[in-house]
Protein chains: 2
Amino acid sequence: MKKEKILIGQSGGPTSVTNASFVSSVESAIDKYDLYGALYGFEGLLEEKLIPINEHNLNDILKFKKVPGACLGTCRYYLSDEDIEMIVDNLTKHEIRNVVFSGGNGTMLVLNKIYRVSQSRGYDLKIIGIPKTVDNDLELTDHTPGFGSAARFVALSTRDIGKDLEAMRRFEQVRVIETMGRNSGWIAASSVLARETQEDAPHLVYLPEKEFKLNDFLGEVKESVNTRGYTTVVVSEGIRNGKGELLAQKSLQNNVETSVLGGVSEFLTEKVKKELGFSSRAELLGMSQRSFQMAVSTQDYLESVKIGKKAIELIENDDVNVMISIERVADIPEYSFELNQVMLKDIVKTEKKIPENFLNEAGRPNAEFKNWLRPLAGFDISAYPRII
Amino acid sequence: MKKEKILIGQSGGPTSVTNASFVSSVESAIDKYDLYGALYGFEGLLEEKLIPINEHNLNDILKFKKVPGACLGTCRYYLSDEDIEMIVDNLTKHEIRNVVFSGGNGTMLVLNKIYRVSQSRGYDLKIIGIPKTVDNDLELTDHTPGFGSAARFVALSTRDIGKDLEAMRRFEQVRVIETMGRNSGWIAASSVLARETQEDAPHLVYLPEKEFKLNDFLGEVKESVNTRGYTTVVVSEGIRNGKGELLAQKSLQNNVETSVLGGVSEFLTEKVKKELGFSSRAELLGMSQRSFQMAVSTQDYLESVKIGKKAIELIENDDVNVMISIERVADIPEYSFELNQVMLKDIVKTEKKIPENFLNEAGRPNAEFKNWLRPLAGFDISAYPRII
């Protein structure tokens, strides 16, 4: 009997655990299905760049389980209506009726469009979305795979860079550490995980959830340096002023609309030097946040593996057009979760921000946030001791 | 009987293993000596900021063995002749005749000055210098403690960031990763450790050992992107043009002479965008290079611990005015080393650069360099697989 086909693809920004889900899906499906990988995400679907996954390359593919990035290649998802039609044409042409794709918000919206077009044509198609974004900004899931590892890297870096500054306090007063997080402060907020006392880094945290006021920032940095002699600051790349404008932004290309964030730490560092006269340095944590393999959270990895397996189970159970979601079942006596599914049509365009109950009055992550984060990023992260 | 005193201090830029040596010295000496720590390096000696290390704080101090930074605080070493005289005054006043200090080139030169002044006054003083710098630019030692861990972080980051770019190649072509290394390329060169084929990152490496020519750089980036579609570049912050000028430099403070390097990756990224039209991003690895605790090299840590112990043995054996050096005894069948001592007066002002036998004709690290580096940074670092 001819096996059914499953097409697997990876979309959006890579994470440290994107391949963990992919390889896990392959492991679960290889015996029962005819498997294909889409190269470069939706681009592979558009341009029929599909590679068979079989006994010839299986051993190579299994080696990627703990490799960061996205081994099939990813894409951005600016797809026109014609593109979506073309994708359904190609799925039909190749008789592919099962699609498993990982990605963030944008990916899920595209998957839903593909589903809708296939429905309107009467083409039976099962689509399973695997949530995967370091930004943790997807609704309808407790958190997103990829986030725990990014949070772990940021928590560890902030603790360690903070200790470096502490040693150098006699000739360097301020470090401004910049994290990812275009629209939400989840990653920046994670920097507090190793903070146990007021003296531990970070001393100040600025998130997009609260309007950024430069004068307040300068006043708080001044007070913090005056109190302890030095200050480690964490800012999200996405902080915005009262008009909703980013403080700094740069383009990846010379004169094209594709822009990436980054640079706000440099901007603020210059302000600290100029306005306060403190010796100051910017630290951009950069792409290591979503790729540094040694900082991968074990929980994040395990959940990604389970989600990859779940995707194949959902296909077997005739679930269609869903995104897998993580439900936090318990925190006490220990963290546990279940995998559920939510309809792709219910995924919304807006990014999930940090809810108010995770922030204190000053708009900074509170103890409740830390308790929520700890199982995802690691119970082994604690503050260092101090002598002076 | 009254115990002899030993004063321990930490100077220069911190590393991930500076405290490993310190705690190891404390462990070795606590029973036989009256121990003191100098706060903020030479500043502590100048201003008599000395803390006793005894049963009251010993347990706290022992906790720092694996903590990055420098738990006593460090200093810069712009010391005048009067400062040196004052330091010897204070050592005499406190009847301290044994000094153990860790740091780099500058620290060793200051230690030698202190020794010379004490000699001229007929004050018996034993000084033991502990080499400690991520830059690996000290002569008379095979390598410096701190370097192996920085090298490890850079090798891992380059491999992982390279894999991230590989996944994104359809919308981002060039990453320029910037490493530490003011005058020598040891840290930047370490980025090649996980490279096994021409397709692995980094694809291009630029070191201060070779004159940097912007046109050559642009030509090589263009060729590399045309060949494989994307390119991971590593540059040392210390690369210089034909006139010996740095390409980019910024000041830590607003209008003060203290300058730090950094920014050349941004400069080059802009050139790549503008001149070649490739989508490009700068990545500064920053202070994580010398502080990211999870990337500490086990060998680097173990050598730092042995060196801390050795310092106390040298004092017991009446060695004076020496720096501990690491001699590489064998690489085959496995790496082994011995600790020796070199006279502080033989330490030279110039930084050790990468020797020619570690570089190929293009001025890039060769296989011999990788073989030399591997035991210091980790045998577990290898390239990732590839599908596309």
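User: Which residues does Leu373(B) touch, not counting residues up to four places away in sequence?
Analyst: In this predicted model, Leu373(B) touches Phe147(B), Ala151(B), Ser190(B) and Leu193(B), once residues up to four places away in sequence are set aside.

User: And where does Leu373(B) lie?
Analyst: Leu373(B) belongs to helix H11 of chain B, which covers residues 367-377.

User: Is Leu373(B) buried or exposed?
Analyst: Leu373(B) has a relative accessible area of 0%, so it counts as buried, the cut-off for that term being under 20%.

User: How far apart are Leu373(B) and Thr232(B), in sequence and in space?
Analyst: They are 141 residues apart in sequence, and their C-alpha atoms are 21 Å apart in space.

User: Switching to chain A, where is the place of Gly242(A)?
Analyst: Gly242(A) sits in the loop of chain A that runs between strand S8 (231-236) and strand S9 (250-251).

User: Buried or exposed, that Gly242(A)?
Analyst: Gly242(A) is exposed, because its relative accessible area is 55% and the term applies over 50%.

User: What is Gly242(A) in contact with, leaving aside neighbours within four places in sequence?
Analyst: With those neighbours left aside, Gly242(A) is in contact with Glu211(A) and Phe212(A).

User: Now the helices: at what angle do H4 and H5 of chain A pack?
Analyst: Helix H4 (residues 81-93) and helix H5 (residues 105-120) of chain A pack at an angle of about 65 degrees, and their axes are 9 Å apart. The crossing of H4(A) and H5(A) is right-handed.

User: Which residues make that contact?
Analyst: From H4(A) the contact is made by Ile84(A), Glu85(A), Ile87(A), Val88(A) and Leu91(A), while H5(A) contributes Val110(A), Lys113(A), Ile114(A), Val117(A) and Ser118(A). Sorted by class, the contact of H4(A) with H5(A) has 7 nonpolar, 1 polar and 2 charged residues.

User: What rotation superposes chain A on chain B?
Analyst: A rotation of 180 degrees, with 0.0 Å of shift along its axis, superposes chain A on chain B with an RMSD of 0.0 Å, which is the relation of a two-fold axis.

User: Through what surface do the copies meet?
Analyst: The copies meet through the same surface, because 100% of the interface residues of chain A are also interface residues in chain B.

Methods: Residues are numbered from 1 along each chain as its sequence is written. Chains are lettered from A and ligands numbered from 1 in the order in which they are written. This is a predicted model: local features need pLDDT of at least 70, side-chain atom pairs count only at pLDDT 80 or more; totals for chains, interfaces and linings use all residues. Side-chain values use heavy atoms; hydrogens and water are left out. Axes are lines fitted to C-alpha atoms, for helices over the stretch in contact, and angles run from 0 to 180 degrees between N-to-C directions. Helices (H or I, at least four residues) and strands (E, at least two) are DSSP runs, numbered from the N terminus. A crossing is left-handed if the near helix is turned anticlockwise from the far one by less than a right angle, and right-handed if clockwise. Contact means heavy atoms within 4.5 Å. Ala, Val, Leu, Ile, Met, Phe, Trp, Tyr, Cys and Pro count as nonpolar, Asp, Glu, Lys and Arg as charged, and the others, Gly among them, as polar. Copies are superposed by least squares on the C-alpha atoms of residues with pLDDT of at least 70 in both. Buried means under 20% relative accessible area, exposed over 50%, partly exposed in between (1.4 Å probe, protein chains only).
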